[in-house]
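Here is a short note for a first look. Please read the points in order, with the model open beside them.

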Amino acid sequence: MHQIDGKTRVLGIIGHPVGHSLSPVMQNAALAACRLNYVYVAFNVHPDNLEESILGLRSLGVAGFNVTIPHKSSIIPYLDGLDVSAQSACAVNTVKNVDGRLIGFNTDGDGLVRSLAEDLDFLPGDGDIVVIGAGGAARGAVASLCRAGASRVIIFNRTPARALELVESFSLMSCTTEILIAADSSELKAYMKNASLLINTTSVGMNQDVLPFVDLADLSNNGRIYDMVYAPSVTPLLHQASKIGLRAANGLGMLAGQGELAFQIWTGILPPSGLMKSCLLNICDS
Ligand code: NAP
């Protein structure tokens with residue numbers, strides 16, 4: 001790591017809790033590899049202290065920071081501007097300090113698109129994509145898949161009203177992607193038959209729980225599976241995929257991808273390819 005001195009600039013992550021975050025390790029490793037005089041630290045910010053924390057980060061002149069649960073949407077009123085990535089995702093995961101103005105970005109969805117290419121050789125235009133879930137992660141994913149040229153995205157959620165809300169919000173945006181809802185499990189089954197990719201954007205799998213309504217046997221033989229969950233590294237969904245021989249990946253590559261893109265926003269350069277992912281793999285294996 002660069003010697004911390006009077007010119008060291010501060011980057012960080014705000015969240016609550018935040019102690020489990022893997023970002024400090026991968027970001028500091030990338031800063032060291034690029035010999036940049038920055039340090040990246042975690043700030044535990046309680047929701048009640050969000051506004052004053054943002055004022056403090058701005059007045060202390062931090063160079064930028066990541067934003068994680070539960071602040072990704074609630075931070076928006078305290079920022080000075082939003083990039084299109086944050087506007088379309090209605091959420092911010094990266095903030096850059098531009099001459100005292102805090103600008104919000106969202107790199108989660110584009111991190112997913114990077115990971116789909118690297119881990120599954122999948123490009124958004126390669127075929128129908130079924131997205132399970134309609135929360136914040138799904139919104140960011142759909143926004144980036146649309147920008148990256150997906151032709152058709154089908155959303156299925158346990159609570160159909162939330163899926164409808166998501167689809168309606170995209171109808172207001174200029175996007176050529178056809179975005180549909182699978183209203184029930186039989187519609188989901190029919191859409192899965194023609195899908196090239198299924199993405200789990202729900203938290204199901206974190207506790208070894210099984211995604212309801214989804215049977216991977218409904219996908220064609222060359223269908224691929226992406227699970228945004230990365231701990232455990234093999235979720236029940238990924239286990240089922242490997243049992244029936246479908247190509248699949250967990251969300252570790254997305255975590256690395258969003259981090260690489262945030263690093264580029266702050267520093268103007270991308271970290272060495274694969275460095276953040278290998279840091280994450282080292283942490284998860286130890
Ligand atoms: P969120 O806004 O709270 O949305 C949660 C989603 O999961 C909703 O669609 C919810 O459905 C669904 N869900 C929760 N429990 C369920 C269950 N038992 N059965 C069926 N559906 C269920 O959360 P989020 O911010 O979108 O995050 C979702 C997941 O993505 C988290 O595990 C997060 O760690 C992961 N993620 C990973 C990365 C990465 O870099 N790999 C990045 C961002 C997020 P209802 O609407 O019916 O409640």
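1. Charge. The protein carries 19 positive and 25 negative side chains. Lys and Arg count as positive, Asp and Glu as negative; His and the chain ends are not counted. The centres of the two sets lie 4 Å apart. Each charge is placed at NZ of Lys, CZ of Arg, CG of Asp or CD of Glu.

2. Basis. This is a predicted model: local features need pLDDT of at least 70, side-chain atom pairs count only at pLDDT 80 or more, and totals for chains, interfaces and linings use all residues. Numbering runs from 1 along each chain as its sequence is written, and side-chain values use heavy atoms, with hydrogens and water left out.

3. Domains. The assignment, automatic or from a database, gives domain 1 (9-106 + 258-285) and domain 2 (109-250). Their centres, taken over C-alpha atoms, are separated by 26 Å. Domain 1 puts 12 residues into the contact, and domain 2 puts in 12 residues. Contact means heavy atoms within 4.5 Å.

4. Contacts in sequence. Take the contacts between residues at least 6 apart in sequence. Of these, 70% join residues at least 24 apart.

5. Burial and surface. Of the 286 residues, 52% count as buried (under 20% relative accessible area, 1.4 Å probe, protein chains only).

6. Extent. Along its principal axes, the C-alpha trace spans about 60 × 40 × 30 Å.

Methods. Buried means under 20% relative accessible area, exposed over 50%, partly exposed in between (1.4 Å probe, protein chains only).
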